[in-house]
Amino acid sequence: MADANNPPKGECSQCWYHAYASKQAHEGLKWNQDCAACVDHKDNGCPDSMIVGGR
């Protein structure tokens with residue numbers, strides 16, 4: 001299994017964590033509630049500052 005806290009180069013650290021530690025990242029959400037951070041990255045892309053090793 002991938003390490004949620006150690007994304008590979010070129011990956012967004014937030015998206016990686018939310019994908020591989022989903023229960024912890026989304027524990028405060030109700031069963032049908034979207035994660036605002038995930039939706040933001042899906043709609044607007046990942047900021048360059050969150051890409052491991054830059055773009």
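## Side-chain contacts in a predicted model

Searching the whole structure turns up one aromatic pair (rings of Phe, Tyr and Trp, its six-membered ring, with centres within 6.5 Å; planes under 30 degrees apart are stacked, over 60 edge-to-face and the rest tilted). The partners are W16 and Y20, in a tilted arrangement with 4.4 Å from centre to centre and 40 degrees between the planes. Both residues sit in helix 1 (residues 13-20), four residues apart, which is about one turn of the helix; helices are DSSP runs of H or I with at least four residues, numbered from the N terminus.

A word on the source: this is a predicted model, where local features need pLDDT of at least 70, side-chain atom pairs count only at pLDDT 80 or more, and totals for chains, interfaces and linings use all residues. Residues are numbered from 1 along each chain as its sequence is written, and side-chain values use heavy atoms, leaving out hydrogens and water.

The whole structure also has one salt bridge (a side-chain nitrogen of Lys or Arg within 4 Å of a carboxyl oxygen of Asp or Glu). It joins D43 to K42, with the closest N and O atoms 3.1 Å apart.

As for cysteines, there are zero disulfides, meaning pairs of cysteine sulfur atoms within 2.5 Å. The sulfur of C35 has its closest cysteine sulfur in C38, 3.6 Å away, so the two are too far apart for a bond. For C46, the closest cysteine sulfur is that of C15, also too far for a bond at 3.6 Å.

Here is the accessibility of some of these residues (buried is under 20% relative accessible area, exposed over 50%, partly exposed in between; 1.4 Å probe, protein chains only).

| Residue | Relative accessible area | Class |
|---|---|---|
| W16 | 13% | buried |
| Y20 | 36% | partly exposed |
| C35 | 13% | buried |
| K42 | 66% | exposed |
| C46 | 22% | partly exposed |

Terms used: Helices (H or I, at least four residues) and strands (E, at least two) are DSSP runs, numbered from the N terminus.
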